Amino acid sequence: MADTGSFTDYLELRPDKAGLLDLLHVLYSGNVDENESMFGPPGTEIAGMRRRWDIFISLLVQRSLLLLSSPMARFGSAVGFWGNLVPDNGGLLSLFANFMRGEVQIPEKGSDTYRSAIGLIDTRVKLDKSIKSGDPRYQAALAIMAAKLSYENERFIKSTIKNQWKMEFLAYYNCWNDYQEDFTTQAFIMRDKTNSPADLIVVAFRGTEPFDATQWCTDIDFSWYEIPHVGKIHGGFIKALGLQKNGGLPEKLDAHSNNQKPYAYYVVREKLRDELRRNENARYVVTGHSLGGALAVLFPLVLALHGEDLLLERLEGVYTFGQPRVGDEKLGEFAEKYLGDAEGRRRYSRFVYCNDLVPRLPYDDSTLLFKHFGKCLYYNSFYRGTVKDEEPNKNYFSVFTVIPKYFNAMWELVRGFFIGFIEGSDYSEGWTLRLLRLFGLIVPGLPPHSPQDYVNCTRLGNYLPLDTDKHEIKLD
């Protein structure tokens with residue numbers, strides 16, 4: 001368990017200890033002391049059947065994912081192998097010809113050309129040449145490309161930053177999750193010298209990989225911890241960022257520990273300190289897609305918790321894409337104090353594309369109490385945007401939106417066949433994405449979560465400045 005001295009209240013879900021009886025026990029009793037699958041302060045009672053049902057579903061799905069982790073990983077490896085094998089050999093016909101000649105090019109996992117599942121869905125690696133430094137869209141366009149690139153292996157990331165983007169690769173981190181006892185959190189740091197000496201440092205956290213069961217467990221873990229004067233934080237995300245079982249979230253790690261694992265928050269913080277000391281004009285942005293977006297917005301909040309004023313002053317912006325909710329309303333109030341700058345400029349841009357399911361989780365209701373904060377930069381399926389307080393259909397499952405969602409999924413599938421002819425070859429959709437769009441006819445909220453549409457929002461969509469007191473302005 002965590003060092004609970006840092007928290008005034010908490011509820012920790014433990015799916016690895018959840019037997020069938022423990023799962024069923026959640027449904028008829030909210031007594032945490034009697035259940036091995038949950039941990040909280042002595043005497044904790046989970047009141048209300050609806051809340052116990054939500055926790056039961058979270059534990060059940062996490063337990064199922066843990067059991068499926070090995071087959072999911074093997075399937076993901078097969079998808080990655082075949083997805084890279086065909087293009088590496090110049091297409092299906094060339095692959096067959098190479099096979100007949102005994103010259104098949106076998107993809108090397110971890111090489112600078114080996115793409116992840118996300119990279120196979122959206123193959124773009126080049127930045128949009130029409131969006132240059134100084135363009136108000138520049139940082140968001142760079143941020144989503146960095147967030148998308150974070151799904152790749154270290155060599156691919158380094159090669160892309162150096163050879164395609166002509167920028168400087170600074171670091172790559174594979175970080176430890178104390179609760180899952182594995183290296184589940186990845187991030188990289190790069191430097192954009194376009195406006196040197198006012199360098200822009202970019203920190204990108206990797207999101208949820210499609211076939212990684214432990215990362216999916218992080219997304220649907222409804223554990224939470226309440227930090228005094230801060231609020232309740234989503235347990236799965238803060239664990240991925242660096243919460244420790246026996247140390248909590250201290251301001252400094254024990255320098256005398258011989259087996260100190262790399263925790264994401266701490267290694268990124270130290271690297272930023274070093275880079276910002278070297279250049280007093282440099283500033284930085286933090287970005288991520290999906291789970292990576294959750295980590296990106298929590299990172300500066302932990303900086304604030306630890307009193308890292310210098311790092312907060314040099315923060316240029318936080319850009320998240322398809323980000324889930326990370327805490328309660330009180331956490332949002334805490335965040336609002338630190339995600340603006342001295343001039344009152346808002347520094348937190350939360351992009352939501354159309355019917356993306358993930359930003360609508362965990363539920364914002366009377367049982368789970370998770371809330372978004374800041375403004376939502378919402379884009380529809382025509383990539384037209386508005387600034388809103390909340391994305392439409394905030395919990396996704398409204399019966400009034402079922403038919404429109406399925407019609408929209410059909411439109412997105414059709415759109416993929418001709419968008420490349422209208423907007424240019426950079427926007428053409430391959431068969432991997434088309435298959436995902438086809439799956440959207442069953443679950444319409446999953447294909448819109450792809451980085452492909454978020455990249456399109458920053459390139460084809462209208463610019464949405466956050467510095468306005470009006471909540472529903474459409475800007476063309």
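**Entry 1: the sheet**

I began with the strands and found 8 of them in an open sheet, ordered 3-4-5-8-9-10-11-12, with mixed pairing. A reminder to myself: this is a predicted model.

Which strands stand at the edges? I noted strand 3 (168-177) and strand 12 (385-388); each has a single partner strand, so one side of each is left without a neighbour in the sheet.

Next I picked one pairing. Strand 10 (residues 348-353) and strand 11 (residues 376-379) run parallel and are joined by 4 bridges. On that pairing I found V352 opposite Y378 in strand 11.

**Entry 2: helices on the sheet**

I then asked what packs on the sheet, and helix 5 (residues 138-149) came up. I have helix 5 touching strand 4 (182-192), strand 5 (200-205), strand 8 (283-289), strand 9 (315-321) and strand 10. The direction of helix 5 makes about 60° with that of strand 9.

Helix 15 (residues 451-460) packs on the sheet too, and I listed its contacts as strand 8, strand 9, strand 10 and strand 11. Against strand 10, the direction of helix 15 makes about 120°.

**Entry 3: nonpolar cores**

A general point I keep in mind here: in soluble globular proteins, nonpolar side chains tend to be buried together.

How many residues does the largest nonpolar core have? I got 57, and those with the most contacts inside it are F205, L241, V268, Y284 and L339. Helix 10 (residues 291-305) supplies the largest share of this core, 11 residues.

Leaving out residues up to four places away in sequence, L339 touches V297, P300, L301, L315, V318, R345, R346, R347, Y348 and F373. Apart from this core I found another, of 44 residues, including I131, A147, C376 and L464.

**Entry 4: salt bridges**

My search of the whole structure gave 29 salt bridges.

The side chains of R283 and E316 meet at 2.6 Å, N to O. R283 lies in strand 8 and E316 in strand 9, so this pair ties together parts that are 33 residues apart in sequence.

For D389 and K375, the closest N and O atoms of the salt bridge are 2.8 Å apart. I placed D389 in the loop between strand 12 and helix 13 (402-423), and K375 in the loop between strand 10 and strand 11, so the pair ties together parts that are 14 residues apart in sequence. D389 is partly exposed, with a relative accessible area of 38%, whereas K375 counts as buried at 10%.

The R437 and D453 side chains form a salt bridge at 2.9 Å, N to O. Here R437 sits in helix 14 (residues 431-439) and D453 in helix 15, 16 residues apart. Buried means under 20% relative accessible area, so R437 at 1% is buried, and so is D453 at 0%.

Notes: Residues are numbered from 1 along each chain as its sequence is written. This is a predicted model: local features need pLDDT of at least 70, side-chain atom pairs count only at pLDDT 80 or more; totals for chains, interfaces and linings use all residues. Side-chain values use heavy atoms; hydrogens and water are left out. A nonpolar core is a set of buried Ala, Val, Leu, Ile, Met, Phe, Trp, Tyr and Cys residues joined through side-chain atoms within 4.5 Å. Buried means under 20% relative accessible area, exposed over 50%, partly exposed in between (1.4 Å probe, protein chains only). Helices (H or I, at least four residues) and strands (E, at least two) are DSSP runs, numbered from the N terminus. Contact means heavy atoms within 4.5 Å. Two strands pair if DSSP finds at least two bridges between them. Axes are lines fitted to C-alpha atoms, for helices over the stretch in contact, and angles run from 0 to 180 degrees between N-to-C directions. A salt bridge is a side-chain nitrogen of Lys or Arg within 4 Å of a carboxyl oxygen of Asp or Glu.
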